[in-house]
Amino acid sequence: ATLRLQDSSLFSAIAERCAPSLSAFKHLELSNLLWSFAKLGEQSKGCKKLFKAAATEALNRSRGFSVVNLSTLAWSFATVRIKHSALFKLVSERVFEN
C-alpha cells in the first residue's frame with residue numbers, strides 16, 4: 001500500500017482468500033490488512049465482504065485489540081466509507097476506558 005500500486009483484481013483475490021480465515025490473524029495483522037485496503041481506496045464487493053468479516057472478528061475477540069489496533073480499524077472503515085455501528089461503538093468504549 002505504501003507504494004500506492006493499485007491492482008483491484010489482486011486485492012479482490014486477497015480479500016476473498018483472507019475473509020474466511022481472519023480468526024488466524026493476529027490483532028495487528030488484521031488491522032494492518034484493512035489499513036492497506038483503505039489506504040488504496042479498495043472498494044470492490046470482495047473488499048466490502050472482507051471489512052464486514054473483519055468487524056465481526058474484531059467484535060468477537062475485542063479484548064485482545066489494543067486501542068491503536070482499534071483506531072486503525074476505525075480509520076480504515078471511515079476511509080472506505082463502510083458503516084459498522086457496533087465496531088465504532090466498541091472503539092469509542094475502549095477509548096473511553098483508557
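Biologist: Let's begin with helix α2: which of its residues are buried?

Modeller: Happy to, and please keep in mind that this is a predicted model. In α2, the buried residues are Leu 30, Ser 31, Leu 33, Leu 34, Ser 36, Phe 37 and Ala 38. The cover over them includes α1 (8–18), α3 (45–60) and α4.

Biologist: How do you know that the length of α2 fits a helix?

Modeller: Helix α2 runs over residues 27–39, which is 13 residues. After α2 comes Gly 41, with a positive phi near 70°.

Biologist: Why is Asn 69 called buried?

Modeller: The cut-off for buried is under 20% relative accessible area. Asn 69 has 9% relative accessibility, so it counts as buried. This residue belongs to helix α4 (residues 67–79). Beyond its neighbours within four places in sequence, Asn 69 contacts His 27, Leu 28 and Ser 31.

Biologist: Now the aromatic rings. How many aromatic pairs does the count come to?

Modeller: The count comes to two aromatic pairs. Phe 11 and Phe 37 make one of them, with 4.8 Å centre to centre and 90° between the planes. Phe 11 sits in helix α1 and Phe 37 in helix α2, 26 residues apart, and the pair thus links distant parts of the chain. Both of these residues, Phe 11 and Phe 37, are buried.

Biologist: What makes the pair of Phe 51 and Phe 77 edge-to-face?

Modeller: Ring centres must lie within 6.5 Å to pair, and planes over 60 degrees apart count as edge-to-face. For Phe 51 and Phe 77 the values are 5.0 Å centre to centre and 75° between the planes, so the label edge-to-face applies. Because Phe 51 lies in helix α3 and Phe 77 in helix α4, the pair ties together parts that are 26 residues apart in sequence.

Biologist: On to charges: why is the contact of Glu 97 with Arg 63 called a salt bridge?

Modeller: The rule asks for a side-chain nitrogen of Lys or Arg within 4 Å of a carboxyl oxygen of Asp or Glu. The closest N and O atoms of Glu 97 and Arg 63 are 3.2 Å apart, so they form a salt bridge. Since Glu 97 lies in helix α5 (residues 85–97) and Arg 63 in the loop between α3 and α4, the pair ties together parts 34 residues apart in sequence. Arg 63 counts as exposed at 60% relative accessibility, whereas Glu 97 is partly exposed at 47%.

Biologist: And what other salt bridge does Glu 97 form?

Modeller: Glu 97 also forms a salt bridge with Arg 94, with the closest N and O atoms 3.7 Å apart. The two are three residues apart in helix α5, which means about one helical turn separates them. Arg 94 counts as buried, at 9% relative accessibility. Through shared partners, salt bridges join Arg 63, Arg 94 and Glu 97 into one network.

Note on methods. Residues numbered from 1 in each chain as written. Predicted model: local features only at pLDDT ≥ 70, side-chain atom pairs only at ≥ 80, totals over all residues. Heavy atoms only, no water. Helix = DSSP H or I, 4+ residues; strand = E, 2+ residues; numbered from the N terminus. Buried < 20%, exposed > 50% of the residue type's maximum accessible area, 1.4 Å probe, protein only. Contact = heavy atoms within 4.5 Å. Expected span 1.5 Å × (residues − 1). Phe/Tyr/Trp six-rings, centres within 6.5 Å; stacked < 30°, edge-to-face > 60°.
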